[in-house]
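Dear colleague,

Please read them with the model open beside you.

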Amino acid sequence: MRLLTHNFLQSNVRGTEKGYPLNIEVTTIKYEESPVDKEFLLNLLPKVNYNALVAAVKQMSPHCEQPLPELPETMDVSNAEQNQNLDDATISNLHKVLFDVYLVEGWLICPDTGRKFPVKECIPNMILHEDEI
Amino acid sequence: MSRPELTGHASLFYNEKEARKYDSSSRMVGIQREITERAIELLKLPSNRPSFILDVGCGSGLSGQVLEEHGHVWVGCDVSRDMLNMANERIERKREEAMGEGDSSEDDSDNDMNDNNDSNNDFNNSKGGTEESSPGDLLHHDMGTGLPFRPASFDACISISALQWLCYSNTKEQIPKKRLTASSHHYTKGARAVLQFYPESSEHAILISECAAKVGFAGGIVVDYPNSTKAKKHYLVLSFERSYKAPQGLTGLEGALLNEGRSGSGGVRVADKDPRRAAGKKSRGPPRKKKGGGKTKEWILHKKETQRKKGKDTRKDTKFTGRKRPMRF
Ligand SMILES: C[S@@+](CC[C@H](N)C(=O)[O-])C[C@H]1O[C@@H](n2cnc3c(N)ncnc32)[C@H](O)[C@@H]1O
């Protein structure tokens, strides 16, 4: 799972208020570079929850061989027009953290209920038990 | 046509053996490709730009592969871990291929130049040309229990040949209506969803379209090739614009969408216009005709057969079955 997907993922266990963002417990991760698609990134960016992304990078970074690019602590990405002015280095850094680092094995943890969703071979298991629906 | 949905839960049907069989059948690959291409066409994405798309019931990634070829980024969820494992294998193969290509990148530099001059480029990303996007992310999830995403996550949603699984309950707790309406709030405002499915009967098609109407989405069912038993396909086309009311809003898809919601008897109607023609393309295949009010003999026989399979009391087939009755006054 990429941080791109993580940024939109939410726990819907019964009894959750927000279920977002899921905390990440890393067992293994991988890093794999991919070409930057600037148009897609600019289209996506207004929907990204930037604070959740920064938090996720902090949880993943200590487990990476090469440190992940440093993102500014805060940034307003909600304005599509304003995002057009982002410089290439920032675009490339955002791409790296959203697309190129994967949680391979580990857990995703619901911030409200503490429910742990296992991640195996890059695939989070979000299946709910009958009493959680 | 046999109905695997009647055999139990999808995660049991799509086991390792079945998943491998599914993924390696070139017939299946071809069919799923064609349906997905059509679904993408019906999505009418803004000016073909690369979008963020959810693929519900993504299986081994046959539909996702087509999304990638169109340059879209996708996330897929499926209830069968074995199907997802096949999808993972496909990702692995793709990575190996990409690495192989990387070594010989000089060889195709000529082609790259040509690509750059090609006016048919779908989008101008940094590399130029219609780049295949990187493989989608996968989630193990049951779509009948609501989707695990925050609101307004995706630009669009597709679901290819999976929705019919929600029409059956495998346990007491599984109520089809509830399961069908569970997944609805995850798309960007104005986003479209195209869900191709195989209704067992017109009741199922009605159930599905009613559930869509209940959660307040505009749209309806497009039926391609209604007169062909083999090629006939149902697409539920939805617009996630809650404020949407009048038909004028659907300018891109005139005639190809039903806005009336429930219609008298049928519930399912065939697009008045050929949607391909509406989209300014040449129509392939036979022209689509309006579905007549009456039920055909084939339909009745099929229906009776499935009722029998479910163990229901069904009258014997005779030469009178499905015959036209004389008019009475
Ligand atoms: C015929 S396959 C289609 C797969 C893929 N979309 C394609 O075009 O090749 C149907 C898929 O729907 C999945 N499915 C059935 N019920 C489901 C559910 N409740 N939630 C998620 N996926 C489901 C099955 O596991 C199976 O992989």
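A:Pro21 sits in the loop of chain A that runs between helix H1 (3-6) and strand E1 (23-31), where helices (H or I, at least four residues) and strands (E, at least two) are DSSP runs numbered from the N terminus. The peptide bond that leads from A:Tyr20 into A:Pro21 is cis, with omega near -10°.

Before going further, please note that this is a predicted model, in which local features need pLDDT of at least 70 and side-chain atom pairs count only at pLDDT 80 or more, while totals for chains, interfaces and linings use all residues. Residues are numbered from 1 along each chain as its sequence is written, chains are lettered from A and ligands numbered from 1 in the order in which they are written, and side-chain values use heavy atoms, with hydrogens and water left out.

A:Cys122, with a phi of about 75°, is placed in the loop between strand E3 (116-120) and strand E4 (123-124) of chain A. With a relative accessibility of 13%, A:Cys122 counts as buried, a word used here for under 20% relative accessible area, with exposed meaning over 50% and partly exposed in between (1.4 Å probe, protein chains only).

B:Ser161 has a phi of about 55° and belongs to the loop between strand E4 (154-160) and helix H7 (176-181) of chain B; its relative accessibility of 12% makes B:Ser161 buried as well. The side chain of B:Ser161 is joined to that of B:Gln196 by a polar contact of 2.8 Å. A polar contact is a pair of N or O atoms within 3.5 Å; within protein, one must be able to donate a hydrogen and the other to accept it, and residues adjacent in sequence count only if both atoms are side-chain atoms. B:Gln196 itself lies in strand E5 (residues 187-197) of chain B and is buried, with a relative accessible area of 0%. Leaving aside neighbours within four places in sequence, the residues in contact with B:Gln196 (heavy atoms within 4.5 Å) include B:Ile35, B:Ala162, B:Lys233 and B:Tyr235.

Now to the ligand, which is surrounded by 22 residues, the closest being B:Tyr22, B:Gln32, B:Gly57, B:Asp78 and B:Asp142; a residue is taken as near when one of its heavy atoms lies within 4 Å. An N or O atom in the side chain of B:Tyr22 is 2.7 Å from an oxygen atom of the ligand, whereas B:Gly57 brings a backbone N or O atom to 2.9 Å from a ligand nitrogen, and a backbone N or O atom of B:Met143 is likewise 2.9 Å from a nitrogen atom of the ligand. Taken alone the ligand exposes 600 Å², of which the protein buries 97%, with areas from the Shrake-Rupley method and a 1.4 Å probe, only the protein chains shown counting as cover for residues.

What holds the nonpolar residues together in this model? The largest nonpolar core has 72 residues, and those with the most contacts inside it include A:Leu53, A:Met60, B:Phe52 and B:Phe149; such a core is a set of buried Ala, Val, Leu, Ile, Met, Phe, Trp, Tyr and Cys residues joined through side-chain atoms within 4.5 Å. Helix H3 (residues 50-60) of chain A gives the largest share of this core, six residues, and a second, separate core of 23 residues includes B:Leu45 and B:Val237.

Finally, helix H4 (residues 62-69) of chain B is mostly covered, with seven of its eight residues buried, and just after H4(B) the residue B:Gly71 takes a positive phi of about 85°. B:Glu89, in helix H5 (residues 81-103) of chain B, counts as partly exposed at 32% relative accessibility, and its side chain is joined to that of B:Arg20 by a polar contact of 3.0 Å.

With best wishes
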